[in-house]
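Hi everyone, thanks for coming. I'd like to walk you through one model today, sheet by sheet and ring by ring.

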Amino acid sequence: MSKKTEPARPKTRLPKGLSDISASEIRATEEMLGTIRRVFESYGFEALDTPAIEYSDALGKFLPDQDRPNEGVFSFKDDDEEWLSLRYDLTAPLARYVAENYQRLPKPFRRYQVGPVWRNEKPGPGRFRQFTQFDADTVGASSVAADAELCMLAADTLEALGVSRGQYVVKVNNRKVLDGVLEACNVKAAPQRLAVLRAIDKLDRLGLDGVKALLGEGRKDESGDVTKGAGLKPTQIEPVLNMIDPDQDEEDRIASMDFSVGKSASGQAGVAETEEIKRLIAATGYSDRVKVDRTVVRGLEYYTGPVFEAELLAPIKDERGVPIRLGSVVSGGRYDGLIERFTGEKVPATGVSIGVSRLRFGLQRLGKYGESAARGPVIVLVLDRDGVADYQNMVQRLRSAGIRAELYLGDGGLKAQMKYADRRGAPCVVIQGGDEKAKGAIQVKDLILGATLTGIEDRELYLKQQAEAQALVPEAKLVETVRAVLARHKA
């Protein structure tokens with residue numbers, strides 16, 4: 001007689017690039033999102049929400065990570081054999097929304113949106129496959145004043161989150177300048193231009209030599225994997241490297257722009273737009289935080305003009321204490337052709353996006369946004385299993401008074417319940433055993449104050465605080481006593 005084979009148990013493993021989020025992390029993130037929302041709304045942006053899933057052709061293929069499956073997008077077919085994709089950013093769905101509702105929207109249309117996005121790409125420190133973005137976009141404004149405003153918005157948001165001036169920089173460039181350089185170098189083929197763009201976008205990770213290799217025949221990384229290059233000739237590579245040389249200061253970069261773009265109309269337009277943004281930034285007092293930087297190109301293909309990104313300047317280390325380069329935490333740019341894919345007509349648009357997960361990771365490593373210290377609920381302990389209805393009534397009285405409260409629903413005794421309350425971060429517990437019930441009383445035990453008693457050497461102070469930490473009061477004073485504990489600790 002054969003033995004039954006037990007079904008294989010699934011392994012408890014989390015896919016790479018994804019993370020579970022605890023209650024304290026959620027509270028900290030919500031606090032962070034609230035700050036960002038207040039800054040965005042102060043600029044006049046209004047909220048909008050779009051679905052997480054779109055038709056794949058509506059999203060388009062603009063991601064730079066083409067060596068990954070599905071070109072960096074998670075996609076699947078529905079019952080009608082239509083390809084659907086998880087959104088990889090919030091901008092492509094916005095373009096679809098604007099095109100679909102263009103006639104009834106105010107022009108310019110200004111919206112902000114926050115939500116998760118998904119990238120099928122190689123994860124790394126602060127780089128996740130699912131992460132939260134917080135975007136602000138202005139649709140219908142052709143003036144670069146809209147782009148300059150978003151650079152200011154990025155600066156104001158970082159400062160509102162606790163990043164001091166000097167600890168970050170907002171860098172701005174123009175894709176038209178790069179187009180002008182490539183035009184002057186006689187690089188015309190779209191695939192080759194895109195390969196150049198993606199090579200430059202890796203400057204912060206690979207350095208100038210790594211980009212030089214990718215502009216040429218390609219490079220081999222530490223693992224032995226080979227990335228095909230753009231195939232430029234040495235005479236074409238030199239002007240591109242000169243444009244992005246990080247050792248040049250800002251004034252040298254700006255002064256050499258005209259020379260780099262030659263007679264290219266697009267390049268000259270990019271130079272003029274950059275000068276105008278610089279003037280607007282200076283006029284509003286942001287020149288110390290917003291800088292022109294020609295190394296900024298952004299990896300997404302749909303950008304058509306000014307591009308910008310913000311970077312934290314303070315050294316950041318990972319969980320093991322190893323220094324890492326976090327990269328940009330805020331980024332964006334102008335995408336005047338994205339809505340045209342749907343309407344056939346150019347609609348000017350520009351936007352900025354905060355990588356909330358990455359930014360929070362960076363702020364946390366800098367000690368600015370740790371896990372929220374918010375307290376847990378008040379716990380009502382259960383000492384008499386036959387009196388659960390009475391305990392539940394206590395919980396409801398606390399909740400009706402606007403106090404977070406929870407009835408212990410486990411099977412443990414007093415010791416286990418106290419341990420549970422401690423793990424939940426409860427500021428206090430409510431206790432009523434047989435003796436207290438007979439007197440019509442309850443005990444309210446202040447767990448925060450009680451934890452400090454062992455360090456008190458003065459006997460009088462110890463006895464005073466011990467009495468405060470474990471108060472025996474009439475049942476009618478339940479809410480009043482608990483409120484006093486919460487007020488004592490601002491919980």
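Predicted model: local features only at pLDDT ≥ 70, side-chain atom pairs only at ≥ 80, totals over all residues.

Let's begin with an open sheet of five strands, in the order β17-β16-β18-β19-β20 and with mixed pairing. At its edges stand β17 (405-407) and β20 (470-474), each with a single partner strand, so one side of each is left without a neighbour in the sheet. On average, neighbouring strands here are turned by 25 degrees against each other, direction ignored. On this sheet packs helix α19 (residues 478-489), which touches β16, β18 (428-431), β19 (441-446) and β20, and its direction makes about 10 degrees with that of β19.

Residues are numbered from 1 along each chain as its sequence is written, and side-chain values use heavy atoms, with hydrogens and water left out.

And the terms: helices (H or I, at least four residues) and strands (E, at least two) are DSSP runs, numbered from the N terminus. Two strands pair if DSSP finds at least two bridges between them, and contact means heavy atoms within 4.5 Å. Axes are lines fitted to C-alpha atoms, for helices over the stretch in contact, with angles from 0 to 180 degrees between N-to-C directions.

Back to the sheet: strand β16 (residues 378-380) and β17 pair in the parallel sense over three bridges. Which residue in β17 is the bridge partner of I379? That is E406.

Now for an open sheet of three strands, ordered β2-β4-β3 with antiparallel pairing. Its edge strands, β2 (53-55) and β3 (75-77), each pair on one side only, and the twist averages 35 degrees from one strand to the next. Between β3 and strand β4 (residues 83-86) there are three bridges in the antiparallel sense, and F76 stands opposite L84 in β4.

In the loop between β3 and β4 sits E81. E81 is not a glycine, yet has a positive phi of about 65 degrees. Is E81 buried or exposed? At 53% relative accessibility, E81 counts as exposed (exposed is over 50%, buried under 20%, partly exposed in between, with a 1.4 Å probe and protein chains only).

Another backbone point is the cis peptide bond joining K107 and P108, with omega about 0 degrees. P108 lies in the loop between α3 (91-101) and β5.

On to the rings. The structure holds six aromatic pairs (rings of Phe, Tyr and Trp, its six-membered ring, with centres within 6.5 Å; planes under 30 degrees apart are stacked, over 60 edge-to-face, the rest tilted). Y112 and F134 have ring centres 5.6 Å apart and planes at 35 degrees, so this pair is tilted. The pair links distant parts of the chain, with Y112 in strand β5 (residues 109-118) and F134 in strand β6 (residues 130-139), 22 residues apart. Both Y112 and F134 are buried, and ring pairs link F40, Y112 and F134 into a cluster.

F40 leads us to the helices. Helix α1 (residues 23-42) packs with helix α4 (residues 145-160) at an angle of about 145 degrees, their axes 9 Å apart. T35, I36, V39 and F40 of α1 make the contact with L153, D156, T157 and A160 of α4.

Thanks, and I'm happy to take questions!
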